[in-house]
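The sequence and the structure are shown first.

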Amino acid sequence: MRSPETSSVPDGLGWNRETATLALLSFAMLIVSLDQYIVVVALPDIARDLGYSTQTLQSVISAYAVASAGFLLFGGRAADLLGRRRILATGLALYAGAALVGGLATSAGMLLVARAVQGLGGALVFPTTLALINTTFAEGRARNRALGVWGGAGAAGLVIGVLLGGFLTQTFGWEAVFLVNVALAGPALLLAFVLIPRDGEREKGRKFDLPGALSVTFGVTFIVFALVQGPGLGWLSPGILISAVAGLLLIGAFFVIERRSDDPLMPPRLMANPNLITGVVITFMFMATFGSVLYFLSLYFQEILGYDALETGAGFLIPTVVVVAGSTGAGRLVTRFGLRRTLVAALAIGALGAVALGLAISPDGTYAELVPGLVALSIGDGVVFTTMFIAAATGIPDRRQGIASGIASTGSGVGAAVGLAVLVLVATAGLDDLSGEQLRIETADGISTTLFVVAGGIALTFLVALSRCPTPAEPGPAPVPYQARRC
């Protein structure tokens with residue numbers, strides 16, 4: 001069943017209208033995705049110009065991550081109830097405006113506020129684009145192919161961000177990594193009003209569940225803040241303890257509110273969907289493992305191999321090409337072989353790639369030695385990114401696609417924060433009192449160890465997919481209707 005929004009697409013435009021809509025939604029996803037890492041290569045220049053210390057520089061990344069992860073559920077619910085075009089346009093407008101402020105920032109505080117607002121904009125755009133894909137294209141072959149394109153844009157954005165960030169920083173300065181988002185999000189905002197059908201009237205009897213939305217939004221925000229800032233401020237520092245406790249209390253309050261709500265934010269029947277639960281677990285593990293590798297590779301290129309910003313960006317050319325190919329082809333693989341086979345194969349290849357990278361990284365290593373591991377890891381990265389969202393959307397009614405997308409994307413946002421926090425501790429263990437060449441050697445060893453930990457995390461994800469993802473009916477001349485299949 002199609003949603004009211006999609007049914008208003010003029011018949012005369014047909015296939016061309018759907019294709020153009022898919023292109024816009026994929027482009028919007030690319031914009032949001034690339035910004036997670038576009039600033040990584042520019043961090044040294046930002047620190048020098050705005051006065052960040054080594055201890056506070058990470059906040060440029062975490063401000064975006066905290067706001068984004070905290071508001072994803074809010075964004076998904078708002079898309080369902082207030083209108084998907086309306087929320088997509090709001091998110092893109094916030095994103096572009098915050099990017100402009102970030103590019104013009106003259107102080108550390110001004111930049112952090114801009115990054116937080118960008119994260120809020122991203123939290124509205126991410127689940128809304130996913131919900132629009134899932135309601136525009138029928139479940140099965142058409143949706144799988146559409147999610148392959150959308151997923152290719154999202155997965156590619158993570159690595160393109162580092163590549164583009166290196167070029168812009170080297171050529172125009174760190175301000176360009178923010179201002180480029182104005183040039184990208186502005187046209188997308190205008191096209192949203194042209195290509196996305198007008199939102200219909202709000203469905204009678206459905207409530208926003210504001211107490212539930214606020215409690216889970218701020219609960220997740222406080223918890224993610226504690227996880228991101230804990231390594232720098234100290235896990236037992238008052239701010240971290242207060243944030244963690246407040247977050248847990250708010251999450252507890254959320255579940256109490258949900259049990260008493262007539263129209264809960266997360267309906268029990270939705271949370272009973274095994275594909276959604278599996279999708280959330282895998283999105284969490286994906287971003288905690290695959291999604292964290294880019295940060296450490298960027299560090300390795302600059303601190304160990306001595307690359308400048310442009311050379312670091314160029315180092316991600318191969319991963320970018322492979323990730324795009326893997327993610328865009330994943331939809332067809334799922335249609336032909338099923339979700340479980342596709343997912344477990346991609347995770348196995350990714351785990352082997354992480355091990356190969358861990359073995360190749362050393363103080364005296366070369367880029368050529370990294371290539372086999374980079375290719376294998378990137379294949380897994382691209383394919384898993386698409387398939388995990390196909391799993392999460394399977395069997396979800398159109399009227400719930402926004403909140404389902406918010407739940408799945410929240411898993412990815414929290415996973416990114418948890419993964420980076422844990423892996424930074426692994427990579428930097430024992431480095432406090434070192435300097436010079438000894439610090440360089442131990443940093444390389446720490447990054448190598450981190451890649452082995454990543455491989456272990458991917459292996460755990462493999463076991464989850466193997467045990468929780470039932471095998472669908474085999475493809476044949478008369479396939480079982482896709483709606484009857486499970487993950």
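**Salt bridges**

The side chains of Arg-84 and Asp-80 meet in a salt bridge, with N and O 2.8 Å apart; a salt bridge is here a side-chain nitrogen of Lys or Arg within 4 Å of a carboxyl oxygen of Asp or Glu. The model is predicted, so local features need pLDDT of at least 70 and side-chain atom pairs count only at pLDDT 80 or more, whereas totals for chains, interfaces and linings use all residues. Residues are numbered from 1 along each chain as its sequence is written, and side-chain values use heavy atoms, with hydrogens and water left out.

Arg-84 has a relative accessible area of 3% and is therefore buried. Asp-80, at 12%, is buried as well. Buried means under 20% relative accessible area, exposed over 50%, and partly exposed in between, with a 1.4 Å probe and protein chains only.

The structure holds 7 salt bridges. One of them joins Asp-35 to Arg-115, with the closest N and O atoms 2.7 Å apart. This pair links distant parts of the chain, 80 residues apart: Asp-35 belongs to the loop between α2 (14–34) and α3 (43–50), and Arg-115 to helix α6 (residues 108–136). Helices (H or I, at least four residues) and strands (E, at least two) are DSSP runs, numbered from the N terminus. Both Asp-35 and Arg-115 are buried.

A further salt bridge connects Glu-437 and Arg-440, whose closest N and O atoms are 3.1 Å apart. These two residues both lie in helix α18 (residues 436–468), 3 residues apart, about one turn of the helix. Glu-437 has 45% relative accessibility and so counts as partly exposed. Elsewhere, Asp-45, Arg-48 and Asp-49 are linked in a network of salt bridges.

**Helix α4**

How does the span of helix α4 agree with its number of residues? At 1.5 Å a residue, the 24 residues of α4 (residues 59–82) should span 34 Å, and the end C-alpha atoms are 32 Å apart, which agrees. The expected span is 1.5 Å times one less than the number of residues. The helix has a kink of about 45°, centred on Phe-71; the bend at a residue is the angle between axes fitted to the seven residues ending there and the seven starting there. Of the 24 residues in α4, 21 are buried, and the helix is mostly covered. Gly-83, whose phi is positive, near 115°, follows α4.

Thr-312 lies in helix α13 (residues 309–314), and Ser-412 is found in helix α17 (residues 401–428). The side chain of Thr-312 reaches the backbone oxygen of Asp-308 at 2.9 Å. For Ser-412, a polar atom of the side chain lies 2.6 Å from the backbone oxygen of Ser-409. Polar contacts are pairs of N or O atoms within 3.5 Å; within protein, one must be able to donate a hydrogen and the other to accept it, and residues adjacent in sequence count only if both atoms are side-chain atoms.

Leaving aside neighbours within four places in sequence, Thr-312 is in contact (heavy atoms within 4.5 Å) with Val-41, Ser-298, Phe-301, Gln-302 and Tyr-307. With the neighbours within four places likewise set aside, Ser-412 is in contact with Phe-126, Thr-283, Phe-284 and Met-287. Ser-412 and Phe-286 are 126 residues apart in sequence, yet 7.2 Å apart in space, C-alpha to C-alpha.

| Residue | Relative accessibility | Class |
|---|---|---|
| Thr-312 | 0% | buried |
| Ser-412 | 6% | buried |
| Tyr-300 | 0% | buried |
| Phe-301 | 0% | buried |
| Tyr-307 | 22% | partly exposed |

**Aromatic pairs**

A search of the whole structure finds 17 aromatic pairs. The rings of Tyr-300 and Phe-301 have centres 6.4 Å apart and planes at 50°, so this pair is tilted. Phe-301 also pairs with Tyr-307: their ring centres are 5.5 Å apart and their planes at 25°, so the pair is stacked. Rings of Phe, Tyr and Trp (its six-membered ring) pair if their centres lie within 6.5 Å; planes under 30 degrees apart count as stacked, over 60 as edge-to-face and the rest as tilted. Ring pairs also link Phe-126, Trp-150, Phe-286, Phe-290, Phe-385 and Phe-389 into a cluster.
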